[in-house]
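Good morning, and thank you for making time for this presentation. I shall go through one structure, beginning with a helix and the sheet beside it.

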Amino acid sequence: MTHAFYSDAAEKILWSDLSVSERTAVMSVRAALEEDPTPDHSRGLPDADPRSESYAIDLLPEQTGGRGITVVYRHSHDLDAVLILWLIAGP
């Protein structure tokens, strides 16, 4: 099982800028990343660190009950951990 954590910036957005339904959707992504850190619906992003890989998962408004949200995260194979870097919410 992989461990998933929020960065300080993502944690702040999660608790201050998202509605309850949006927060629930993001928290479900975090839980799913602990089971599979590289799901098929994630898209790879450029990453300067050769020991990790960066990804994004897009949540549609239908999934969040509010705005569309992109969860940007980095997966470290060495640490067997995921760090959710950013939560980007649409208008």
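Which strands does helix α2 (residues 20-35) lie across? Helix α2 lies across β1, β3, β4 and β5, and runs at about 145° to β1. Before I continue, please note that this is a predicted model, in which local features need pLDDT of at least 70, side-chain atom pairs count only at pLDDT 80 or more, and totals for chains, interfaces and linings use all residues. Residues are numbered from 1 along each chain as its sequence is written, and side-chain values use heavy atoms, with hydrogens and water left out.

Some conventions follow. Helices (H or I, at least four residues) and strands (E, at least two) are DSSP runs, numbered from the N terminus. Axes are lines fitted to C-alpha atoms, for helices over the stretch in contact, and angles run from 0 to 180 degrees between N-to-C directions. Contact means heavy atoms within 4.5 Å.

Let me stay with α2. Its 16 residues reach 23 Å from first C-alpha to last, close to the expected 22 Å at 1.5 Å a residue; the expected span is 1.5 Å times one less than the number of residues. The buried residues of α2 are Glu22, Arg23, Ala25, Val26, Val29, Leu33 and Glu34. Here, buried means under 20% relative accessible area, exposed over 50%, and partly exposed in between, with a 1.4 Å probe and protein chains only. The cover over these buried residues includes β1, α1, β3, α3 (61-64), β4 and β5.

I turn to the sheet. It is open and has five strands in the order β1-β5-β4-β3-β2, with mixed pairing; two strands pair if DSSP finds at least two bridges between them. At the edges are β1 and β2 (43-45), each of which pairs on one side only. From one strand to the next, the twist averages 30°. Helix α1 (residues 8-16) also packs on the sheet, where it touches β1 and β5, and its direction makes about 50° with that of β5.

Strand β1 runs parallel to β5 (residues 81-89), and four bridges join them; tyrosine 6 has isoleucine 84 as its bridge partner in β5.

Beyond neighbours within four places in sequence, serine 7 is in contact with Leu83, Ile84 and Leu85.

Finally, the aromatic rings. Rings of Phe, Tyr and Trp (its six-membered ring) pair if their centres lie within 6.5 Å; planes under 30 degrees apart count as stacked, over 60 as edge-to-face and the rest as tilted. By this rule there is one aromatic pair. Tyrosine 55 and tyrosine 73 are stacked, at 5.5 Å centre to centre with 25° between the planes. The pair links distant parts of the chain, 18 residues apart, with tyrosine 55 in β3 (residues 52-59) and tyrosine 73 in β4 (residues 69-76). Both tyrosines are buried.
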